[in-house]
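Subject: A structure for you to look at

Hi there,

Here is the structure I promised to pass on. Please open it beside this email, and I will walk you through what turned up.

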Amino acid sequence: GWLFSAVDSNPLSIYVMHPFWNFVVKFLPTWLAPNLITLTGFMFLVLNFLMLAFYDFDFTASAAGHEHVPSWVWVAAGIFNFLAYTLDGVDGKQARRTNSSTPLGELFDHGLDSWACIFFVATVYSIFGRGESGVGVATLYYILWVVLFSFILSHWEKYNTGILFLPWGYDISQVTISLVYLVTAVVGVETWYQPVLFHFLYRDLFTFMIIACSFTVTLPMSLYNVMKAYRSNSLKHSSFYEAFLPFLSPVLLFLLSTTWVVCSPSNILELQPRIFYLMVGTAFANVTCKLIVCQMSNTRCQPLNWLLLPMLVVVLLVVSGTVVNETLLLYVWTAAVILAHIHYGISVVQQLSGHFNIFEEERIDLKGAEV
């Protein structure tokens with residue numbers, strides 16, 4: 001099989017999760033395609049997002065005096081989140097077990113992971129919400145970007161060194177959040193209003209953990225690994241410009257969406273936080289997928305993503321005050337981004353599977369059936 005180099009150095013993963021996944025994978029039928037496992041795991045996160053969009057669309061349900069999200073929703077969220085995490089760990093093991101590891105599988109896995117960031121973050125946000133005891137929508141917007149950039153860092157590292165170093169924070173946060181959902185179901189969201197220590201609230205702990213994790217673990221490790229490769233001359237891209245090229249589109253996306261947030265006449269983030277996050281997260285996933293394709297095929301990264309051009313037009317229309325109904329424009333643009341991303345995903349899968357003859361066996365079976 002075709003294996004990609006990934007280095008997993010964190011103790012929780014090595015001593016707890018991998019043995020658990022090895023145990024789980026034995027129960028899966030060998031005919032079950034690894035990509036189907038990947039997709040199912042991702043769909044559980046989308047399901048969580050939709051479920052909380054139904055009960056807490058604008059992130060106000062957890063605030064005092066509002067009707068809270070029913071307890072069973074938190075139980076379901078905890079179970080679905082853990083299932084998503086487990087399936088994400090098992091898909092690669094199933095591929096090795098059935099000897100069906102392909103570059104397409106790697107792209108599908110990491111491509112969906114990059115999109116999963118937004119569904120995960122937006123669902124976690126409902127625990128705290130945006131009330132007095134919560135986190136402001138703008139603060140969460142910047143936290144989302146910290147998460148997105150720490151995701152792209154590990155891939156940028158692979159683009160430069162050829163090895164994907166899995167971020168430590170990932171396993172710890174997944175297990176913790178699954179438990180937090182279950183605890184929330186039992187003790188209620190009010191529990192998170194109480195201070196942890198002195199006058200530090202849980203929401204501060206949550207914000208601090210995400211930012212600290214990214215800056216103390218992910219960023220230094222990525223830079224260290226890239227510099228180490230740089231010193232030993234094993235970098236794939238010799239020039240500094242080439243090495244930082246993958247950051248161009250994500251940084252431009254950040255600047256465009258932040259300009260929209262800051263200069264929005266109707267204060268769009270206050271009005272439609274969920275849809276705005278979804279738009280940003282999906283556009284980001286599209287940018288990241290293109291980086292992953294480059295790093296897999298060892299081709300030069302395309303510096304500009306075409307999605308940025310229509311987005312520039314959208315942002316200019318908003319900022320100049322040309323558009324009357326900003327919310328409507330956001331909804332239309334979000335739908336366009338989602339459709340563009342799904343279309344991109346389907347065409348890449350078709351091209352790659354044609355390239356690697358993944359459907360060859362099925363074609364032969366069909367011919368046999370026709371005779």
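The lining of the second largest cavity has 6 nonpolar residues, 1 polar residue and no charged ones. In this count Ala, Val, Leu, Ile, Met, Phe, Trp, Tyr, Cys and Pro are nonpolar, Asp, Glu, Lys and Arg are charged, and the others, Gly among them, are polar. Before going further, please note that this is a predicted model, where local features need pLDDT of at least 70 and side-chain atom pairs count only at pLDDT 80 or more, while totals for chains, interfaces and linings use all residues. Residues are numbered from 1 along each chain as its sequence is written, and side-chain values use heavy atoms, with hydrogens and water left out.

Back to that cavity. Its lining is made of L253, A283, V287, N305, L307, L308 and M311, and its space comes to about 30 Å³. Helices α11 (273–297) and α12 (308–319) each provide at least two of the lining residues. In total, the structure has 2 cavities of 30 Å³ or more.

How are such spaces found? Rolling a probe the size of a water molecule over the atoms shows where empty space is left. On a 1 Å grid over the protein atoms alone, a cavity is a set of points where a 1.4 Å probe fits but cannot get out, a pocket is an open set with protein on both sides within 12 Å along at least five of seven lines, and lining residues have an atom within 4 Å of a point. Grid points are joined across faces, edges and corners, and a volume is the space filled by probe spheres set on the points.

The second largest pocket has a volume of about 550 Å³. Of its 28 lining residues, F42, L112, W115, H341 and I342 lie nearest the centre. Two or more lining residues come from each of α2, α4 (103–128), α11 and α13 (326–355), with α13 giving the largest share, 9 residues. This lining divides into 24 nonpolar, 3 polar and 1 charged.

Now for the whole protein. You can count 14 helices and 4 strands, which are DSSP runs numbered from the N terminus (helices H or I, at least four residues; strands E, at least two). Of the 371 residues, 49% are buried, meaning under 20% relative accessible area, with exposed over 50% and partly exposed in between (1.4 Å probe, protein chains only).

Is L45 buried or exposed? L45 counts as buried because its relative accessible area is 11%. Beyond its neighbours within four places in sequence, L45 is in contact (heavy atoms within 4.5 Å) with N81, A84, A116 and F119.

Rings of Phe, Tyr and Trp (its six-membered ring) pair if their centres lie within 6.5 Å; planes under 30 degrees apart are stacked, over 60 edge-to-face and the rest tilted. W74 and Y181 are stacked, 5.9 Å centre to centre with 15 degrees between the planes. This pair links distant parts of the chain, 107 residues apart: W74 is in helix α3 (residues 71–97) and Y181 in helix α6 (residues 168–187). Both W74 and Y181 are buried. Y141 and Y142 are edge-to-face, at 5.0 Å and 75 degrees.

Enjoy exploring!
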